[in-house]
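Thank you all for making time this morning. I would like to walk through one model with you, slowly, beginning with a single residue and then widening the view.

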Amino acid sequence: MEEISSITEFGKVLIFLITGLLAVGGAFAVNKLIAPHKPNPEKNSSYECGEEPTGSSWIQFNSRFYVIALIFLLFDVEMIFVFPWVTIFSDKELIAADSRWGWLTFTEMIIFLGILLLGLVYVWRKKDLDWIKPDAILPTIDTAIPLNAYDGINENKYVPFQHKKTVSEQPATAPVVSKPAFTPRFKKQ
């Protein structure tokens, strides 16, 4: 005779979630109880690959680093898929049993590598792999506004985190000091 469970499937999922939350919470509680808490300035400083952190961390980072890293990861991970192909393609017993396996795996890998090469050609044609920034090409647009009208705008320099003071806040002789609009805090108070 078949036994009937008194807990529904949703009840089992709920028990599983509660057990998981208790396990994670218990691990955090044990860590809080037994871990030593002795902060010092060296422990509270940010880690920069073994180098002493200098300067501000609020800098503009070149986005080409990310593009190169993503392309590397794409081709690096895709090489994992080449390994099983090599093991099947080099298996002489499998090829001897049916010669169509060799042609099938060869065709699949040609399609796979073709798609990868198509992506590489696309990135190459967009010049995302060029490390040196190319010269800017001014687009031509038919408009009634003359190009010299934009010269005043283009001469302005970008100043990040500029805090503008009102006239009543700044003295007449004091220079305007640019400060960040907020102060980043990395250390516990």
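This is a predicted model: local features need pLDDT of at least 70, side-chain atom pairs count only at pLDDT 80 or more; totals for chains, interfaces and linings use all residues.

Let me begin with Leu113, which counts as partly exposed because its relative accessible area is 32%, where buried means under 20% relative accessible area, exposed means over 50%, and partly exposed is what falls in between, using a 1.4 Å probe and protein chains only. Leu113 sits in helix α6, and its C-alpha atom is separated by 9.8 Å from that of Met79, a residue 34 positions away along the chain.

Residues are numbered from 1 along each chain as its sequence is written, and side-chain values use heavy atoms, with hydrogens and water left out.

On confidence, pLDDT is the predictor's own confidence in each residue, on a scale from 0 to 100, and the mean for this protein is 78, with 79% of its residues reaching 70 or more. Among the elements, helix α1, residues 9-34, has the highest mean pLDDT at 95, whereas helix α4, residues 82-89, has the lowest at 78.

As for the overall layout, the protein has seven helices and zero strands, where helices are DSSP runs of H or I with at least four residues, strands are E runs of at least two, and both are numbered from the N terminus. Of the 189 residues in the protein, buried ones make up 5%.

Where does UniProt place the feature "transmembrane region"? The record, an unreviewed entry, gives residues 13-34, 65-89 and 101-124, with positions in the numbering used here, feature names shortened, and the caution that annotations may be inferred rather than shown by experiment. In the model, residues 65-89 are 88% helix and 0% strand, with the end C-alpha atoms 36 Å apart, while residues 101-124 are 100% helix and 0% strand, with their end C-alpha atoms 34 Å apart.

Let me turn now to contacts between aromatic rings, where rings of Phe, Tyr and Trp (its six-membered ring) pair if their centres lie within 6.5 Å, and where planes under 30 degrees apart count as stacked, over 60 as edge-to-face and the rest as tilted. How many such aromatic pairs does a search of the whole structure find? The search finds two. One joins Phe81 and Phe112, whose ring centres are 6.2 Å apart with planes at 80°, so this pair is edge-to-face. Because Phe81 lies in the loop between α3 (64-78) and α4, and Phe112 in helix α6, the pair ties together parts that are 31 residues apart in sequence. Both residues are partly exposed, Phe81 at 48% relative accessibility and Phe112 at 22%. The other pair is Trp103 with Phe106, also edge-to-face, at 6.2 Å centre to centre and 85° between the planes. These two are three residues apart in helix α6, so about one helical turn separates them; Trp103 is exposed at 60%, and Phe106 is partly exposed at 34%.

Staying with Phe81 for a moment, its C-alpha atom is 9.3 Å from that of Met109, although the two residues are 28 apart in sequence.

Next come the charged side chains. Side chains of opposite charge can pair when their charged atoms come close. A salt bridge here is a side-chain nitrogen of Lys or Arg within 4 Å of a carboxyl oxygen of Asp or Glu, and the whole structure contains two. In one of them Lys12 meets Glu9 at 3.5 Å, N to O, and both residues lie in helix α1, three residues apart, about one turn of the helix. Lys12 is partly exposed at 40% relative accessibility, whereas Glu9 is exposed at 58%. The other salt bridge links Arg100 with Asp98, the closest N and O atoms being 2.9 Å apart, and here Arg100 is exposed at 61% while Asp98 is partly exposed at 24%.
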